[in-house]
Amino acid sequence: MAKLIPTIAVTAALVAGAALSNDRATAIDASAAAKPGAPAPAFTALDIGGRTISLGDYVGKIVILEWTNDGCPFVGKHYNSGNMQALQRRYTGEGDVWLTIASSAPGEQGYVTPDQARADVARWRAAPTDYLLDPEGTVGHLYAARATPQMVVIDPHGVVAYIGAIDDKPSVDVADVKTAKNYVATALDELASGKPVTVSSTRAYGCSVKYKTS
């Protein structure tokens, strides 16, 4: 198992000109990095059922992106407490789209096959709209995903409304979930109320995303 490397950094990284392939995530629009107030970079990726999923499939919807790593204790805190699943059920129930994304490379901690991802969903009783596989790291780089969990909220106009940490308690203590300020829930509630998002960017915390290096 690869060593867990906690990080709280969110950098403006962008991968352009990604190769087109049916078995990997594909960057569709690499003209702008993901940042609050800018159009969300478009992408296409395979889900755990082998279907091709595009961000453009959800035009007019609020979309939540969640980077995951099933071996990361920071991710585990939010799933073992039931927090992540509760958020997934609440907001998909309100009509939002929740996409869980695994960007770890083969052989690295957090890499999952479709069967392994389905087992994780069943074990955690997770309820995302879909689970996307990004072993080449294309989608992760487009959104500068450096930690798990890292969260992105995209508004119905396709603009990044929030990017960063799930909450303000960068720990692995399950008890901290109850007292944390949840940035994602706040942003989603503000969007649903027609209000501007008051906190649009924070520094993500968690385990580093284990990208492909060659």
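This report describes selected strands, a cavity, aromatic contacts and backbone features of a predicted model.

## Basis of the description

The model is predicted: local features need pLDDT of at least 70, side-chain atom pairs count only at pLDDT 80 or more, and totals for chains, interfaces and linings use all residues. Residues are numbered from 1 along each chain as its sequence is written, and side-chain values use heavy atoms, with hydrogens and water left out.

Helices (H or I, at least four residues) and strands (E, at least two) are DSSP runs, numbered from the N terminus. Strand β3 covers residues 43–47, and four of its five residues are buried. Here buried means under 20% relative accessible area, exposed means over 50%, and partly exposed lies in between, with a 1.4 Å probe and protein chains only.

Two strands pair if DSSP finds at least two bridges between them. Strand β4, residues 52–54, runs antiparallel to β3 and is joined to it by three bridges. Within this pairing, Thr52 of β4 is the residue opposite Leu46. The two strands form a hairpin with four residues between them, and Gly50 in the turn has a positive phi of about 85 degrees. Strand β3 also pairs with strand β7, residues 130–133, in the antiparallel sense over two bridges. Asp47 has Leu132 of β7 as its bridge partner.

## The cavity

On a 1 Å grid over the protein atoms alone, a cavity is a set of points where a 1.4 Å probe fits but cannot get out, and its lining residues have an atom within 4 Å of a point. Grid points are joined across faces, edges and corners, and a volume is the space filled by probe spheres set on the points. The structure holds one cavity of 30 Å³ or more. The largest cavity contains about 50 Å³ of space.

Its lining consists of Thr68, Tyr79, Gln88, Thr100, Asp120, Val121, Trp124, Ala126, Pro128 and Tyr131. Helix α3, residues 114–124, gives the most to this lining, with three residues. By class, the lining has six nonpolar, three polar and one charged residues. In this scheme Ala, Val, Leu, Ile, Met, Phe, Trp, Tyr, Cys and Pro count as nonpolar, Asp, Glu, Lys and Arg as charged, and the others, Gly among them, as polar.

## Aromatic contacts

Rings of Phe, Tyr and Trp (its six-membered ring) pair if their centres lie within 6.5 Å; planes under 30 degrees apart count as stacked, over 60 as edge-to-face and the rest as tilted. By this rule there are five aromatic pairs. The ring centres of Phe74 and Tyr205 are 5.9 Å apart and their planes stand at 65 degrees, so this pair is edge-to-face. The pair links distant parts of the chain, 131 residues apart: Phe74 belongs to helix α1 (residues 73–80), and Tyr205 to the loop between α5 (183–192) and β11 (206–208). Phe74 counts as buried because its relative accessibility is 11%, and Tyr205 counts as buried because its relative accessibility is 3%.

Tyr162 and Tyr183 form a stacked pair, with 6.2 Å from centre to centre and 25 degrees between the planes. This pair also links distant parts of the chain, with Tyr162 in strand β10 (residues 160–164) and Tyr183 in helix α5, 21 residues apart. Both Tyr162 and Tyr183 are buried. Phe43, Trp67 and Tyr143 form one aromatic cluster.

A charge sits over a ring if NZ of Lys or CZ of Arg is within 6 Å of the ring centre and within 35 degrees of the ring normal. Arg123 lies over the face of Trp124, at 4.5 Å from the ring centre. Trp124 is also one of the residues that line the largest cavity.

## Backbone features in the loops

The peptide bond from Thr148 to Pro149 is cis, with omega near 0 degrees. Pro149 is found in the loop between β8 (147–148) and β9 (151–154).

Arg125, although not a glycine, has a positive phi of about 55 degrees. This residue is in the loop between α3 and β7, and Arg125 is exposed, with a relative accessible area of 64%. Ala144 is likewise not a glycine and has a positive phi of about 50 degrees. Ala144 lies in the loop between α4 (138–142) and β8, and is buried at a relative accessible area of 3%.

Methods. On a 1 Å grid over the protein atoms alone, a cavity is a set of points where a 1.4 Å probe fits but cannot get out, and a pocket is an open set with protein on both sides within 12 Å along at least five of seven lines; lining residues have an atom within 4 Å of a point.
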